[in-house]
Amino acid sequence: MKKNIILILLAIVMISCGKNLIIEEESGLMFTSKDDTVIVGDKPVLYNDSLRGFNVNNLLEFTLTDDKKLQLKNFLPHTFKDLTLYAYVKDTNKRFKIAYFDKIEAFKIAKYSFSKLVYMRVSKDRINKENIKFEVESSDSMFAKIKQITIPTRFSFGIFGTWDKDLNTHTNRWGWERLYAKDARDYMPLVANIAYALSSNRLKKDVLNAPFDFSNECKHNSDGTLPKGCKKLDRNDIIKKFTNVNYIYLGLPTRAEGLGGGKNFGLKRKYINNPNNVFYKYDLDGMENDRHIRYPLEVFAHEFSHICGYGHKGNMAYIGQYIYPDGPNGKKRLAGMSSLIGYLYQDMLKTKELPFTSHPNKN
Ligand SMILES: [Zn+2]
């Protein structure tokens, strides 16, 4: 009951700070346990791409719906502050302020209709997806970070089997366990971090400047060279593959530590919900000396390489065997793509560059 009063109050605040918008549906939150139980079509809301799928380069989403309403979705466990929403009208090449939000709660979802004030500026027939683009300006530092995510990947949460309405669970999901809304809440900050790291210039620089070659065919010799006749990969092509994955279904594997291939990708639950592993804690010593400590990052990079189409024979999915002596800070590093990505992520954690430098759901 108290929650409802808060939601109504919030809705009133929203209306009063933006007279251009009228709240249409009760505003609420995504990734609550309701997403596990409410069925839309033939499956729970959580697995519905149009309701809970997201483009990782648009984690705070303002879209025009088919019925000409404004849909807001905040896919992150972060409350954004101080946002101004503009509508850019293509046929007049002008934009105008639609609303000011002093805050947008973590995982908030809301739908608004436009008031007469909007229709005075742009007639109803000119409000369509081609003619109207929404633009946001904000002083929130998280907003600045997510704007730097440029990779085009769309994600949704996978069933990996068949949904059985009567049993209220999915069947035939070999190797995958059921992913719940609480798992989605754990995945979101990690996906934002990974997408940020993959979008960075640092990734391009590290791949182009790596003091070893990349191969999808064979292991390196002990001196770091590739065996005679072994084809080395074009570095720009590697960058292209890692930054142009178009679709991923997220899941939770059970038998393997991680699974990746085709459109399916997942890490075991214990890796995504742990606030003390290398996804959220900087640990250079552990990364270099303890396989178990670096494992979450290694498994992620391994499976992501599979998504990009690389196999097990070279140093693309594996961390690499040959140790090269001239890594950053004079340290010894393993000469493989997983190692490169692991250290890139850790360095960005150390400098607090990543969107989430601690696990937001575990504080
Ligand atoms: Zn593998």
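Two strands are paired if DSSP finds at least two bridges between them. Strands and helices are DSSP runs, numbered from the N terminus (strands, E, at least two residues; helices, H or I, at least four). In this predicted model, strand β7 (residues 80-89) pairs with β8 in the antiparallel sense over nine bridges. Within β8, Lys97 stands opposite Tyr86. Residues are numbered from 1 along each chain as its sequence is written. Because the model is predicted, local features need pLDDT of at least 70, side-chain atom pairs count only at pLDDT 80 or more, and totals for chains, interfaces and linings use all residues.

The open sheet has three strands, in the order β8-β7-β10, with antiparallel pairing. The edges are β8 (94-104) and β10 (132-138); each has a single partner strand, so one side of each lacks a neighbour in the sheet.

The largest nonpolar core holds 91 residues. Such a core is a set of buried Ala, Val, Leu, Ile, Met, Phe, Trp, Tyr and Cys residues joined through C-beta atoms within 7 Å. Buried means that 20 or more other C-beta atoms lie within 10 Å of a residue's own, with C-beta atoms placed from the backbone. Val191, Ala192 and Ala197 touch the most other members. Helix α6 (residues 181-199) gives the largest share, 12 residues. Domain 1 (16-139) and domain 2 (161-350) both contribute, so the core lies between them. Domain bounds come from an automatic or database domain assignment.

Confidence was expressed as pLDDT, from 0 to 100 for each residue. The chain averages 89, and 90% of the residues score at least 70.

Methods. pLDDT = per-residue confidence, 0-100. Buried ≥ 20, exposed ≤ 12 C-beta atoms within 10 Å, placed from the backbone.
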